[in-house]
Amino acid sequence: IHTFQGAVRRFDFHIRTDRIVFIDDYAHHPRELSAAIESIKALYTDKKITAVFQPHLYSRTRDFAQEFADSLSLLDDVILLDIYPAREEPIEGVSSQIIFDKITSAQKLLCTKQELTDLLRNKDVEVLVTFGAGDIDRLLPEIEQVLKEKYLSGSK
């Protein structure tokens with residue numbers, strides 16, 4: 001048991017310093033998101049929490065748009081990526097926009113995966129968490145590098 005390091009992509013800390021925290025979590029259902037967000041908020045009560053969420057599946061996005069929005073509205077700052085379709089074809093009228101429109105957080109952005117790292121270079125973050133079951137995990141090394149350059153290289 002002493003060697004068990006936890007489940008991969010469940011509250012994985014990539015960076016944890018006084019200046020910047022970067023966590024990745026596989027949460028892709030509204031209840032999972034709420035639980036993870038509440039835990040992060042309890043750990044970092046005095047920090048701004050920014051999350052990047054990649055919805056997973058068109059049908060899940062359609063069926064739980066309000067619940068996703070309610071969960072994400074618990075955050076200080078939300079960056080919403082395009083839906084990761086996995087095994088589904090697009091559903092007419094279903095996009096990340098239907099979640100985005102229901103989020104009540106004052107700070108919210110829609111963004112593509114390709115735009116994300118540039119956006120993070122220009123955004124002030126204290127605690128950043130990435131959520132999703134799609135391919136968001138492929139962006140983790142680049143996100144980590146951007147955060148290290150920005151906050152840990154002595155430039156800020």
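**Figure 1. Surroundings of Phe-131.** Phe-131 touches Asp-25, Ala-27, Leu-33, Ala-36, Ile-37, Ile-40, Ala-51, Val-52, Phe-53, Gln-54 and Ile-136, where residues up to four places away in sequence are not counted and contact means heavy atoms within 4.5 Å. The model is predicted, so that local features need pLDDT of at least 70 and side-chain atom pairs count only at pLDDT 80 or more, while totals for chains, interfaces and linings use all residues. Residues are numbered from 1 along each chain as its sequence is written, and side-chain values use heavy atoms, with hydrogens and water left out.

**Figure 2. The nonpolar cores.** The largest nonpolar core has 24 residues, and those with the most contacts inside it are Leu-33, Ile-40, Phe-53, Leu-72, Ile-99 and Phe-131. At least two residues of this core come from each of β2 (21-25), α1, β3, α2, β4, α3 and β6 (127-132). A second, separate core of 19 residues includes Leu-81, Ile-136, Ile-143 and Tyr-151. A nonpolar core is a set of buried Ala, Val, Leu, Ile, Met, Phe, Trp, Tyr and Cys residues joined through side-chain atoms within 4.5 Å; buried means under 20% relative accessible area, exposed over 50%, and partly exposed in between (1.4 Å probe, protein chains only). Helices (H or I, at least four residues) and strands (E, at least two) are DSSP runs, numbered from the N terminus.

**Figure 3. The kinked helix α2.** Helix α2 (residues 58-72) spans only 18 Å between its end C-alpha atoms, whereas a straight helix of 15 residues would span 21 Å at 1.5 Å a residue; the expected span is 1.5 Å times one less than the number of residues. A kink of about 75° is centred on Phe-64, the bend at a residue being the angle between axes fitted to the seven residues ending there and the seven starting there. Among the buried residues of α2 are Tyr-58, Arg-60, Ala-65, Phe-68 and Leu-72. The buried residues of this helix pack against α1 (30-43), β3 (49-54), β4 (77-80) and α3 (97-100).

**Figure 4. Packing of α1 against α2.** The two helices, α1 and α2, pack at an angle of about 5°, with their axes 9 Å apart. They are therefore roughly parallel to each other. Pro-30, Leu-33, Ser-34 and Ile-37 of α1 make the contact with Phe-64, Glu-67, Phe-68, Ser-71 and Leu-72 of α2. Axes are lines fitted to C-alpha atoms, for helices over the stretch in contact, and angles run from 0 to 180 degrees between N-to-C directions. Angles under 35 degrees count as roughly parallel, over 145 as roughly antiparallel, 65 to 115 as roughly perpendicular and the rest as oblique.

**Figure 5. Two residues with positive phi.** Leu-57 lies in the loop between β3 and α2, and its phi is near 85°. With 3% relative accessibility, Leu-57 counts as buried. Ala-86, in the loop between β4 and α3, has a phi near 50°. Ala-86 counts as partly exposed, at 38% relative accessibility.

Figure 6. Gly-132, in strand β6, is buried, with a relative accessible area of 0%. Tyr-84 is 48 residues from Gly-132 in sequence and 8.8 Å from it in space, C-alpha to C-alpha. In helix α4 (residues 113-121), Thr-117 is buried, with a relative accessible area of 8%. Ser-95, in the loop between β4 and α3, is partly exposed, with a relative accessible area of 33%. Leaving aside neighbours within four places in sequence, Ser-95 is in contact with Thr-61 and Ile-83.
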